[in-house]
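Subject: Structure handover

Hello,

Here is the structure I said I would pass on. My notes on it follow below.

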Amino acid sequence: MQVIKKSIEGLLEIIPTVYKDERGSFFETYNKQLFEANGLPTHFVQDNQSFSKKGVVRGLHFQRAPYAQGKLVRVITGRVLDIAVDIRPGSVTFGQYEAVELDSERNNMFYLPEGFAHGFVALEDSIFSYKCTNLYHKASEGGIIWNDPELNIDWHVSDPIVSEKDIQLPTFKAYFEQILP
């Protein structure tokens with residue numbers, strides 16, 4: 001298993017060792033000892049899975065403290081462009097984003113610690129899985145509109161399918177004007 005630090009502090013891409021033969025393939029999605037050795041969390045309390053048709057954009061979502069979540073995300077089938085936006089006030093990369101393509105051929109994973117808004121676009125029909133370090137708490141959920149012009153995220157899709165809920169989310173600037181003095 002290889003762990004790659006991304007350009008924004010705290011974001012990690014995990015590349016598992018995939019063993020293939022005439023029967024198929026095998027790889028570890030979690031190994032406590034290897035995760036500890038690489039500074040990854042080893043205690044996850046909730047697993048989620050979604051199916052998204054090609055062109056679906058989900059996000060940008062997060063949970064506020066004390067219910068903030070770290071997430072370990074991966075694709076079971078398909079391919080997605082996964083997005084993490086730094087929403088940690090005081091961070092040198094506050095308001096910047098990192099994009100990682102996840103696919104079921106490489107079986108790569110992406111770890112986002114607390115303090116990131118998260119979203120993805122399905123580049124093909126995809127089953128998406130994520131492990132969370134904290135339980136979902138509806139009253140603590142928040143979000144930023146996926147197509148915020150100031151964030152200028154390249155979603156690699158021209159005609160996205162976006163939920164009504166996600167279309168109503170505030171811009172990055174509007175959200176932080178509400179909560180920061």
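Lys6, Glu13, Asp103 and Arg106 are linked in a network of salt bridges, a salt bridge being a side-chain nitrogen of Lys or Arg within 4 Å of a carboxyl oxygen of Asp or Glu. The model is predicted, so local features need pLDDT of at least 70 and side-chain atom pairs count only at pLDDT 80 or more, while totals for chains, interfaces and linings use all residues. Residues are numbered from 1 along each chain as its sequence is written, and side-chain values use heavy atoms, with hydrogens and water left out.

Strands (E, at least two residues) and helices (H or I, at least four) are DSSP runs, numbered from the N terminus. Glutamate 13 is buried at 7% relative accessibility, whereas arginine 106, at 38%, is partly exposed; buried means under 20% relative accessible area, exposed over 50%, and partly exposed in between (1.4 Å probe, protein chains only).

The whole structure has 10 salt bridges. Another of them joins aspartate 86 to arginine 88, with the closest N and O atoms 2.9 Å apart. Aspartate 86 is buried, with a relative accessible area of 0%.

Next, the sheet. It is open, with 6 strands in the order β1-β2-β10-β7-β12-β5 and antiparallel pairing (two strands pair if DSSP finds at least two bridges between them). β1 (2-5) and β5 (46-52) are at the edges with a single partner strand each, so one side of each has no neighbour in the sheet. Strands β7 (residues 71-77) and β10 (residues 109-112) are joined by 4 bridges, and lysine 71 stands opposite leucine 112.

In helix α3 (residues 172-179), Phe172, Tyr175 and Phe176 are buried. The buried residues of α3 fall within an arc of 90° seen down its axis, so they line one face; the arc is that of the directions from the helix axis to the C-beta atoms. Glu177 and Gln178, on the other side, are exposed.

The largest nonpolar core has 21 residues, and Leu60, Val85, Ile87, Ile144 and Trp155 have the most contacts inside it. A nonpolar core is a set of buried Ala, Val, Leu, Ile, Met, Phe, Trp, Tyr and Cys residues joined through side-chain atoms within 4.5 Å.

Regards
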